[in-house]
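This briefing is meant for a reader who is meeting the structure for the first time. Please look over the sequence and the model below before reading on.

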Number of protein chains: 2
Amino acid sequence: MTTKDRNQTERRILDAVGTIVETEGFEAVGVNAVASVSGVSKVLIYRYFGSIEQLLAKYLEDNDFWLNTEFPIQQYDNVKEFSKAVFRAYIDMLRKSPALRKLYRWELTTNNPAIAGLRERRERTAMDIINAVSRQSGQDIDQVAGISTLITGSVSYLCILAENCAVYNSLEINSDSGWEKLLKTIDFMFDKIFD
Amino acid sequence: MTTKDRNQTERRILDAVGTIVETEGFEAVGVNAVASVSGVSKVLIYRYFGSIEQLLAKYLEDNDFWLNTEFPIQQYDNVKEFSKAVFRAYIDMLRKSPALRKLYRWELTTNNPAIAGLRERRERTAMDIINAVSRQSGQDIDQVAGISTLITGSVSYLCILAENCAVYNSLEINSDSGWEKLLKTIDFMFDKIFD
DNA sequence: TACTTTTGTAACCGATTGGTAACACAAATG
DNA sequence: CATTTGTGTTACCAATCGGTTACAAAAGTA
């Protein structure tokens with residue numbers, strides 16, 4: 001380290017967490033890795049953040065990983081178009097963010113307070129949207145939740161899988177064309193469901 | 001060890017792999033863990049299997065993790081009922097097998113020859129079914145593949161997630177009742193799609 | 001100026017990792 | 001019988017893990 005600047009040091013540490021998460025995932029975030037990537041001695045990690053768990057919690061807190069995009073349902077012509085837009089946004093978000101994919105992957109193997117908090121927030125915003133769609137479309141809320149689950153669940157799965165696998169059911173999950181196909185299927189489904 | 005029986009020793013080792021996989025997952029299968037769980041010294045693991053990778057390959061080879069269930073489409077009244085049955089079987093399989101869930105989870109973080117082989121087989125059998133459904137229903141094959149992807153993808157995701165999370169979109173993914181709801185949604189979807 | 005606090009590093013700790021060498025002994029083979 | 005081959009264990013190795021102690025030096029403070 002060159003200067004003596006705690007703020008800058010903390011930032012270096014958090015930046016190192018970011019690069020490790022994006023490249024190798026949360027599982028690889030350890031004291032030694034963070035220390036070597038950041039160029040900061042690991043004592044400072046404990047001194048400034050307490051533990052790796054707290055460091056990760058801070059990282060999650062800094063980066064808005066919950067769905068914070070605004071989706072005013074009133075702006076759309078009808079529920080069908082609104083729904084399509086929501087899922088398109090969901091796919092885009094997950095496909096363009098390596099860190100978010102790693103977070104979703106990490107959630108499949110871990111359970112801790114930080115993750116539980118993320119899940120709660122996500123659950124609330126998701127159910128808000130599902131409620132709105134159910135109300136405006138007249139569809140049973142369980143059905144709306146079910147359809148939503150089928151789509152977001154598979155999208156999450158495919159986006160994670162795509163980092164280690166190129167094809168799923170003949171769909172090229174690494175290329176835009178493959179996702180265009182899936183989007184067409186989603187549109188097709190909604191056209192059939194919302195008469 | 002009591003007796004000197006190579007076959008029995010190999011079996012003990014493979015059994016240990018099985019219990020570790022079921023409880024902690026493939027990520028936890030290391031020489032030391034296998035040695036301590038099996039009660040066999042780790043030298044024998046290398047002697048008899050070469051490496052952990054080869055040991056895991058053997059484990060995957062012994063246990064039929066690819067879809068080997070027979071699904072004769074002719075037995076069913078129509079394509080709709082056949083499709084529903086296929087996905088019901090998929091859900092059952094994944095929900096009742098901890099090892100299979102751990103395998104699917106492992107695939108999200110790993111890529112090696114053994115996994116690639118599994119994926120190929122799975123891809124082939126899946127596309128066989130998709131082709132048959134497309135032919136008999138007259139639906140576009142990309143749409144059938146898309147629908148199938150939405151369902152199996154989300155089911156895989158939810159089954160893995162359920163080990164660390166109880167609720168997703170208000171669905172209790174740990175209980176039969178939650179899955180009954182999702183099955184109803186799938187049925188509902190097929191009723192809408194296959195007129 | 002002298003002293004305290006803050007920021008940093010180097011070195012070390014025990015535990016655990018994957019992996020191997022050396023050795024003991026049973027069993028088959030000559 | 002002697003010897004080779006197969007089966008097993010103990011003990012060790014270097015590397016790495018998370019975590020801490022001890023110390024140096026800069027920066028603020030009296």
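A nonpolar core is a set of buried Ala, Val, Leu, Ile, Met, Phe, Trp, Tyr and Cys residues joined through C-beta atoms within 7 Å, and a residue is buried if 20 or more other C-beta atoms lie within 10 Å of its own, exposed if 12 or fewer, and partly exposed in between, with C-beta atoms placed from the backbone. In soluble globular proteins, nonpolar side chains tend to be buried together.

This is a predicted model, in which local features need pLDDT of at least 70 and side-chain atom pairs count only at pLDDT 80 or more, while totals for chains, interfaces and linings use all residues. Residues are numbered from 1 along each chain as its sequence is written, and chains are lettered from A and ligands numbered from 1 in the order in which they are written.

**Chain A as a whole**

- Chain A has 9 helices and 2 strands, where helices (H or I, at least four residues) and strands (E, at least two) are DSSP runs numbered from the N terminus.
- Read from the N terminus on, the elements of chain A follow the order α-α-α-α-α-α-α-α-β-β-α.
- The C-alpha trace of chain A spans about 65 × 35 × 25 Å along its principal axes, and buried residues make up 33% of its 195 residues.
- Two residues are in contact if their C-beta atoms, placed from the backbone, lie within 7 Å; of the contacts in chain A with a separation of 6 or more, 58% are between residues 24 or more positions apart.

**How the two chains are related**

**Where the chains meet**

- In all, 41 residues of chain B are in contact with 41 residues of chain A.
- The elements of chain B that give two or more residues to the side touching chain A are α6 (98-107), α7 (113-137), α8 (141-161), β1 (167-168) and α9 (176-193), and α8(B) gives the most, with 16 residues.
- The residues on this side of chain B divide into 20 nonpolar, 14 polar and 7 charged, where Ala, Val, Leu, Ile, Met, Phe, Trp, Tyr, Cys and Pro count as nonpolar, Asp, Glu, Lys and Arg as charged, and the others, Gly among them, as polar.
- Because 100% of the interface residues of chain B are also interface residues in chain A, the copies meet through the same surface.
- Leaving aside neighbours within four places in sequence, A:Leu158 is in contact with A:Tyr168, A:Ile173 and B:Gly153.
- A:Asn164, in the loop between α8 (141-161) and β1 (167-168) of chain A, touches B:Glu107, B:Leu108, B:Thr110 and B:Asn111, not counting residues up to four places away in sequence.
- A:Asn164 is partly exposed, because 16 other C-beta atoms lie within 10 Å.

**Helices**

- α8(B) is mostly covered, since 18 of its 21 residues are buried.
- From its first C-alpha to its last, α8(B) reaches 29 Å, close to the 30 Å expected at 1.5 Å a residue, the expected span being 1.5 Å times one less than the number of residues.
- In α5(A), the buried residues are A:Val79, A:Phe82, A:Ser83, A:Val86, A:Ile91 and A:Leu94, and they pack against α6 (98-107), α7 (113-137), α8 and α9 (176-193) of chain A.
- A:Trp106, placed in helix α6 of chain A, is buried because 20 other C-beta atoms lie within 10 Å.
- A:Trp106 and A:Glu27 are 79 residues apart in sequence and 7.0 Å apart in space, C-alpha to C-alpha.

**The loop between the strands**

- A:Asn169, found in the loop between β1 and β2 (171-172) of chain A, has a positive phi of about 50° although it is not a glycine.
- A:Asn169 is buried, with 24 other C-beta atoms within 10 Å.
- B:Ser170, which lies in the loop between β1 and β2 (171-172) of chain B, has a positive phi of about 65° and is not a glycine either.
- B:Ser170 is partly exposed, with 18 other C-beta atoms within 10 Å.
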